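Please keep the sequence and the structure in view while reading.

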Protein chains: 2
Amino acid sequence: MALSHAILVSLLDRAHSGYDLAKRFDQTVGFFWPVSHQQIYQELHKLAAAGRVRAETVTQSERPNRIVYELTDEGRRALDQWLTEPTEPPTFKEELLVKLFALDEHNRDDLLAEIRSRRQLHAERLARYEAIMAEHYPQPEALNARRRGRYLGLRMGILTERTTLAWCDEALALVALPKAAAAVGSGRPRPAD
Amino acid sequence: MALSHAILVSLLDRAHSGYDLAKRFDQTVGFFWPVSHQQIYQELHKLAAAGRVRAETVTQSERPNRIVYELTDEGRRALDQWLTEPTEPPTFKEELLVKLFALDEHNRDDLLAEIRSRRQLHAERLARYEAIMAEHYPQPEALNARRRGRYLGLRMGILTERTTLAWCDEALALVALPKAAAAVGSGRPRPAD
DNA sequence: CGTCGATATGCAATTTATTGCACAGACAAA
DNA sequence: TTTGTCTGTGCAATAAATTGCATATCGACG
């Protein structure tokens, strides 16, 4: 149940509306905990019912009212408790790698195109993360603890995107490469799963 | 609905029972598409009902019977179709990074311990993947297309684990580092999200 | 002798996540 | 003038994933 905690964590600094949270998630926490706006609204109701956040409606003319949520002491306590509990293992899902399990001569071009489009996706993400890094996190050692934690999230994002980009280049080269002549000398390796 | 396709892909080479598939998933496809055995059994029923796999019971004395599934032509067609469709974007979930958003002096030691245990997890995974690589995929250019695709999955795993390991080391150092004296000269950076 | 892990398959309940849609005003572009 | 996007919140239905349990036999361990 880390969705609720991802929201509580986002409310640590200041109060936010569901709409704000959805946008923040797109840029920051959402990188390693993707959440839709529907999930956020629903979870905010539950958190409010559980007394972990307090809701306050802000009336606006000219545009829809906002409901701003802030952490309660109980919410803060729930966060502290959660931090001492074991962390669930990371999960990673990449359909492209599943598809590559079926790679052969006949679908090669389709998959090459998919890898190319992945390459672009990761290049864009990398550029975005590096821009944030340059603007907001110039020297990590000078940051206070809270901001160091956020720096580390961004840092992970940058390292991951760079690695994935490098993988895309390798993959493009290897998939495009025609079948090599049989290796000389040492017998062929055992077929694997 | 990539779960069904992950299973079909696993049946490309030879027929397998649900139990086999669950074990294979733990080592190979499961790295980028984690699935439980309950999901596999249930999905196999659906695939059989849809005519994409054919079930055959293998009677065993001394231990429970196995139900072995093999791809049908229709299953193969479904796979080909899927390969031409757009691939869903990768997702990555890491609760530890969410927790780090709440980092402060008071929870520092708990989080350091969590990072250390992650470091170990990734070191173990890396060792496992490198062993498989050394044994089964010595020279990627010499592989046929199908095996190149699988090599690329493993390769992604290795690159990812190495990167994550490096991140763990950075994180351990930065989180443990005491707060530096205020930076000299250039004004302090704007606080970021 | 009892417990545990491996083999082998599966049901049922619950929790999470996704998808599609609804409402409603402001503002910009075609 | 219609179309589309942004702000803002939300419901409802479905799909997917997780958790817990059930069954049954073998062989190993203590």
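In this predicted model, six residues of domain 1 of chain A are in contact with eight residues of domain 2 of chain A. Domain 1 covers 2–84 and domain 2 covers 95–176, according to the domain assignment of chain A. The contact between chain A and chain B takes 87 residues from each chain.

**Domain 1 and domain 2 of chain A**

- The centres of the two domains of chain A, taken over C-alpha atoms, are 28 Å apart.
- About 540 Å² is buried between domain 1 and domain 2 of chain A, and carbon and sulfur atoms give 51% of this area.
- On the domain 1 side, the residues that lose the most area to domain 2 of chain A are A:Leu12, A:Asp13 and A:Phe31, which together make up 70% of what that side buries.
- The rule finds two salt bridges across the interface of domain 1 and domain 2 of chain A.
- A:Asp13 also meets A:Arg150 in a salt bridge between their side chains, with an N to O distance of 2.7 Å.
- One residue pair is counted in polar contact between domain 1 and domain 2 of chain A, with both residues at pLDDT 80 or more.
- The side of domain 1 of chain A that touches domain 2 holds four nonpolar residues, two charged residues and no polar ones.

**Chain A and chain B**

- The area buried between chain A and chain B is about 8,600 Å², with 63% given by carbon and sulfur atoms.
- Four salt bridges are found by the rule across the interface of chain A and chain B.
- A:Arg155 and B:Glu170 form a salt bridge in which the closest N and O atoms are 2.7 Å apart.
- The rule also finds 33 residue pairs in polar contact across the interface of chain A and chain B, both residues being at pLDDT 80 or more.
- Elements of chain A that give two or more residues to the side touching chain B include helix H1 (2–10), helix H2 (18–27), helix H4 (73–84), strand E4 (91–93) and helix H7 (145–176).
- H7(A) gives the largest share of that side of chain A, 20 residues.
- By class, the side of chain A that touches chain B has 45 nonpolar, 26 charged and 16 polar residues.

**Strand pairing between the chains**

- E4(A) runs antiparallel to strand E4 (residues 91–93) of chain B, and three bridges join the two strands.
- Opposite A:Lys93 stands B:Thr91 in E4(B).

**Sheet of chain A**

- Three strands of chain A form an open sheet in the order E1-E3-E2, with antiparallel pairing.
- Strand E1 (16–17) and strand E2 (53–58) of chain A are at the edges and have a single partner strand each, so one side of each has no neighbour in the sheet.
- Six bridges pair E2(A) with strand E3 (residues 66–71) of chain A in the antiparallel sense.
- A:Arg54 has A:Glu70 in E3(A) as its bridge partner.

**Sheet of chain B**

- Chain B has an open sheet of three strands in the order E1-E3-E2, paired antiparallel.
- Its edge strands are strand E1 (16–17) and strand E2 (53–58) of chain B, each pairing on one side only.
- E2(B) pairs with strand E3 (residues 66–71) of chain B over six bridges, in the antiparallel sense.
- B:Val53 has B:Leu71 as its bridge partner in E3(B).

Key:
Residues are numbered from 1 along each chain as its sequence is written. Chains are lettered from A and ligands numbered from 1 in the order in which they are written. Side-chain values use heavy atoms; hydrogens and water are left out. Contact means heavy atoms within 4.5 Å. Buried area is the accessible area (1.4 Å probe) that two parts lose on being put together, summed over both. A polar contact is a pair of N or O atoms within 3.5 Å; within protein, one must be able to donate a hydrogen and the other to accept it, and residues adjacent in sequence count only if both atoms are side-chain atoms. Helices (H or I, at least four residues) and strands (E, at least two) are DSSP runs, numbered from the N terminus. Ala, Val, Leu, Ile, Met, Phe, Trp, Tyr, Cys and Pro count as nonpolar, Asp, Glu, Lys and Arg as charged, and the others, Gly among them, as polar. Two strands pair if DSSP finds at least two bridges between them. Domain bounds come from an automatic or database domain assignment.
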